[in-house]
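Here are my notes for your first look at this protein. Keep the structure open and follow the points in order.

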Amino acid sequence: ALRQLLITHRGLIDVIYIDPPYGKDNMGKFADTNYSNAITRDNLLSMLYIRLQLANELLKDSGVLYCSIDDRNQAYIKCLMDDIFGEKNFYGTFIQRKGNTQNDSKQIQKNHEYILCYVKNYQDNLVLSYDNYVKEKISEENYMLGRDTGASSGHDKLIERVNLGYTIYYMESTGNGATGNHNKLIERANLGYTIYCMESTGNGETGNHNKLIERANGVNAKYGNFNYYISKDNTTFIHAVAIADYDKDSVKENSTEEEIYTDIQELVELGYRKIRPPKRKGGKLGCWTWGLETFQEYWNNNEVLIKNGRKRTNVIRKIFFKEEDITVIDGKKYHFKHNVLPLQSVIDINNSNGTTLLSGNDGIIPGCPFSNPKNPEMLKFLFKAYDNKDALILDFFAGSGSTGHAVLDLNKEDNGNRRFILCTNNEESSETPKGIAYDVTSKRLKRIMTGECYDGKKNFGWINNNTPYGDNLEVVEIAEISPTVVDKDNTPFDVIDETLYGILPFDKVEDKINWICTYFQSTMKSVESDEKYCERWGE
């Protein structure tokens, strides 16, 4: 099947997921490799080697491959894949918690499996990621509090960032007594990168802000253009000015405030409180994280909140949101912050639900004998991490068809257009007389896509709780023909239909012969008996 796909899909596959039969006893025709048909480690490695080489050819340059493997074989399979894909293309290992309990274990309970992940061509970029949303409460005025400019930022000492050492002068009036008289505040506003901030509250006659505005404009003429703000209820007037009032050229490792800063005495005398960057470890002078121009920009956009903290005064940015970016829950406003983050190494999705979904009483194929099918939720997680809703996904150990189920369900969730190609043998048994491909894999997909089985019956529990996915399924069985047959109308050049490979019929037989010889050479298998093998080597 993989060799056939090379004819039509070389370099076109986005994602490959495989769960090789490392614990089964029979792998079907041509699966016997070195010794017997039991899955010894030699068999497993030999069987996977050629398949992974072909898989590498099928992947896009931006493609990714996942391989589920158990604790016993993980190290060996990784070495094999390092050899085929290159160790530099090893993207990482996921640990899937299986959620099973093994209390009868004589060693360590094995409650996990591994998923090895390789990329076709690693370019030091984020190949797999997930969307993380953090719910953040915001105020009635549609803002949340962001960065405090006095917070530690790594390089937070004044000696390290000498341009960020200004002082904040802050004055707040409660509106009571003499300090609540706006006339006196107006006089102070006339006097008043340090930030000089004046807040006045009042009512009645003292709530008239006309002269305050006039004086604030005068302060701006002297110290720069800084907006003033009046509260909605017309009781509060706020104005701030940032002034650089320190000698940056004199800053040393052990400088003190008295050596560097020069207080604006007229503002201090008028009741302004000095606010300077917090001291850092060892009593070192600190710095702000905003520059003067940045503060001015934030202030003029009404994006600064000055409030008293437990140990110091905080100067915090207000981050505003548009109405369409706000969600109201129980009368409170929230913003959902979106981040794209790399996947974490632990996948906490067990496989038990996979069995219930497939063969449980309310399952897709109740009583299905297929053991330990993968949970589609885990596969959805892996496929969604590859950020391409049009991805083409291949699974060449398809088993029960969980990969196809996962793709259909994920497309339904996010309106994707992913497609899948599943490859499996058609191993027959007493429980699957028509073979796994027909009695399990395609039957499962038929039922969940159309809501009924091949015979039109709908007597399975899954349909009672789910809506069929729709879409189209093409089931293709690979035929074989000997390349040495010379009977008329029975040669490969007669039997192979080029239209099945997306090619218009050839006008000239020579063109068809050239096409078949070019593309189908790699699909040929050579089978020799043990006797011929021994005969060749004289044993």
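**Notes on the predicted model**

1. Start with one side-chain pair. Arg-276 and Asp-263 are joined by a polar contact of 2.5 Å between their side chains. Bear in mind that this is a predicted model. The side chain of Arg-276 also makes a polar contact with that of Thr-167, at 2.7 Å.

2. Where does Arg-276 sit? Find the loop between β11 (273-275) and α8 (292-300); Arg-276 is in it. Is Arg-276 buried or exposed? Its relative accessibility is 13%. Buried means under 20%, so Arg-276 counts as buried.

3. Now look at what surrounds this residue. Leaving out residues up to four places away in sequence, Arg-276 touches Thr-167, Tyr-169, Asp-245, Glu-257, Tyr-261, Asp-263 and Trp-288. Two of these names, Thr-167 and Asp-263, are the polar partners from point 1.

4. Step back to the whole protein. It has 16 helices and 18 strands. Of its 539 residues, 42% are buried. The accessible surface is about 30100 Å², and carbon and sulfur atoms account for 46% of that.

5. Next, trace the open sheet. Its 7 strands run in the order β16-β3-β4-β2-β1-β17-β18, with mixed pairing. Which strands stand at the edges? They are β16 (346-347) and β18. Each has a single partner strand, so one side of each has no neighbour in the sheet.

6. Compare two pairings in this sheet. Strands β2 (residues 59-69) and β4 (residues 112-119) are antiparallel and share 6 bridges. Within this pair, Tyr-66 stands opposite Cys-117 in β4. Strands β17 (residues 392-395) and β18 (residues 419-422) run parallel, joined by 4 bridges. Here Leu-394 has Ile-421 in β18 as its bridge partner. In general, strands of a sheet pair through backbone hydrogen bonds, in either sense.

7. Finish with a helix. In α15 (residues 509-519), the buried residues are Lys-512, Trp-515 and Ile-516. Why do they lie on the same side of α15? They cover an arc of only 95 degrees around the axis, which puts them there.

Technical notes:
Residues are numbered from 1 along each chain as its sequence is written. This is a predicted model: local features need pLDDT of at least 70, side-chain atom pairs count only at pLDDT 80 or more; totals for chains, interfaces and linings use all residues. Side-chain values use heavy atoms; hydrogens and water are left out. Buried means under 20% relative accessible area, exposed over 50%, partly exposed in between (1.4 Å probe, protein chains only). Accessible areas come from the Shrake-Rupley method with a 1.4 Å probe; for residues, only the protein chains shown count as cover. A polar contact is a pair of N or O atoms within 3.5 Å; within protein, one must be able to donate a hydrogen and the other to accept it, and residues adjacent in sequence count only if both atoms are side-chain atoms. Contact means heavy atoms within 4.5 Å. Two strands pair if DSSP finds at least two bridges between them. The arc is that of the directions from the helix axis to the C-beta atoms.
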